[in-house]
Amino acid sequence: MAARLATPPGPPQPAEPVDPHATWPGIVTGDTLLTRVTSALTGWCGELPPHQLLAAADHTYQQRLAGRFRTGRCFLAGDAAHLHGALGMQNLADGLRDADNLAWRLALAWHLPPTGGPADSALLDGYENERRGAVGARLRAVDQTMPLLRPLRGWAETRRSLISGSFRKHAPLLADGQLGTGRFGGAPAYPATPSGVAVRVPEQRGSGRGGTSLTEQLPATAPGVLVPDLPVVTADGAADTLRARLGTVFLLVLVAPGTTVWSAEHWLGAGLMPRLAELADALPVPTEVLVTDTYPGAVPHTVLLVRPDGHLLGTTPGLHPEQLHTLTAPLTAAPGLEQAG
Ligand SMILES: Cc1cc2nc3c(=O)[nH]c(=O)nc-3n(C[C@H](O)[C@H](O)[C@H](O)COP(=O)(O)OP(=O)(O)OC[C@H]3O[C@@H](n4cnc5c(N)ncnc54)[C@H](O)[C@@H]3O)c2cc1C
């Protein structure tokens, strides 16, 4: 609903005190909401100012999670896969995360020669594993918080304050969804499945299916986290940012202090760079080489391998071709991997 005032009301005046614990009579309809809006406007302005109602609609919040995000060649994403309810606030962002997570899998499944083995299917099943797990964890957080925010009176309120903290303590939670932080809004990490390939993992308390937790709870070098945005230099010496390079290929990022101080022509063809480029070419997935001055928690010469959706596949201390091949192996062949049920 949106109302446009014909004349600015001037600085807001104190409205009638609103009891935060007051319950609304019956169901909140457009009419009851309008009554509330007009009484607030009257409280601010002394009288109801001229205004025009531009649009009004009833919207029912729902919390829903599809049982499957994939059946064969059909995938669900966005609102078709999940609705976050009144506290979620991240519907749109999580829809975009779905698209990010699915796009590189489809591209890889399409462009890599099919193995005919479980890897093809496990790569695509990894989408449901990671994304349904992450959204499920968020919905559980909403479920757990809703009863704490419901207005109570008397003994029930005292009991809740004693056991679980006051409303005031829970109020910051409401901002999480808006700010993109915490259990309602933080970027997920996929620590149990950093390769993105579906594996059967035991469900952990407080985490989603697939071992989902939040990026902000883990070090920036932990497998599965969403990498921070940092200045990088590309293999042809251009300056860019890490997140701007995401979306198409895997990124092989060398942490090399001093690269922004020295002109790229001095180091691009020297040191580890030629071997890094060879290594990137030899990996079984399309990979671009980048260099960064610094990365949180990573010592110089650490190599980071980043998925096209920005989640960290893993790190190696220096150039270790066999370790990097081990990290990418599940994407193209999955010996011994169980498919998610
Ligand atoms: C009042 C309101 C406030 C919101 N506020 C926020 C907010 O603050 N933050 C936030 O993150 N999210 C918010 N959202 C949610 C956000 O708008 C949605 O999560 C997001 O738009 C979903 O995008 P989507 O592409 O998944 O689905 P949609 O935007 O619903 O797109 C689906 C499209 O598919 C089309 N379609 C449907 N059936 C068919 C068919 N059979 N054939 C062809 N086309 C079809 C539809 O016409 C539609 O264009 C809000 C939503 C509402 C209603």
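Student: Which residues of helix 10 are buried?
Tutor: Keep in mind that this is a predicted model. A residue counts as buried if 20 or more other C-beta atoms lie within 10 Å of its own. In helix 10, the buried residues are L324, L327, P330 and L331.

Student: How far does helix 10 reach from its first C-alpha to its last?
Tutor: Helix 10 covers residues 321–332, which makes 12 residues. At 1.5 Å a residue, 16 Å is expected. The model comes close to that, with a reach of 16 Å.

Student: And helix 1: how far apart are its end C-alpha atoms?
Tutor: Helix 1 runs over residues 30–45 and has 16 residues, so at 1.5 Å a residue it should span 22 Å. The model agrees with this, as the end C-alpha atoms are 22 Å apart.

Student: Which residue just after helix 1 takes a positive phi?
Tutor: Step just past the end of helix 1 and check the backbone there. The phi angle is about 90 degrees, and the residue is G46.

Student: Is G182 exposed, partly exposed or buried?
Tutor: G182 lies in helix 7, residues 182–185. Buried needs 20 or more neighbours, and exposed needs 12 or fewer. G182 has 16 C-beta neighbours inside 10 Å, so it counts as partly exposed.

Student: How far apart in space are G182 and T215?
Tutor: Along the sequence, they are 33 residues apart. From C-alpha to C-alpha, the distance is 9.6 Å.

Student: How many charged residues does the shell around the ligand have?
Tutor: The ligand's surroundings include H59, D79, Q90 and N91. By class, the shell has 3 nonpolar and 5 polar residues, and the number of charged ones is 1.

Student: Where in the protein chain is confidence lowest?
Tutor: Overall, the chain averages a pLDDT of 80, and 73% of the residues score at least 70. Confidence is highest in strand 13, residues 302–306, at 97. At the other end, with a mean of 43 over residues 2–5, is strand 1.

Conventions. Residues are numbered from 1 along each chain as its sequence is written. This is a predicted model: local features need pLDDT of at least 70, side-chain atom pairs count only at pLDDT 80 or more; totals for chains, interfaces and linings use all residues. pLDDT is the predictor's confidence in each residue, from 0 to 100. Helices (H or I, at least four residues) and strands (E, at least two) are DSSP runs, numbered from the N terminus. The expected span of a helix is 1.5 Å times one less than its number of residues. A residue is near a molecule or strand if its C-beta atom, placed from the backbone, lies within 6 Å of it. Ala, Val, Leu, Ile, Met, Phe, Trp, Tyr, Cys and Pro count as nonpolar, Asp, Glu, Lys and Arg as charged, and the others, Gly among them, as polar.
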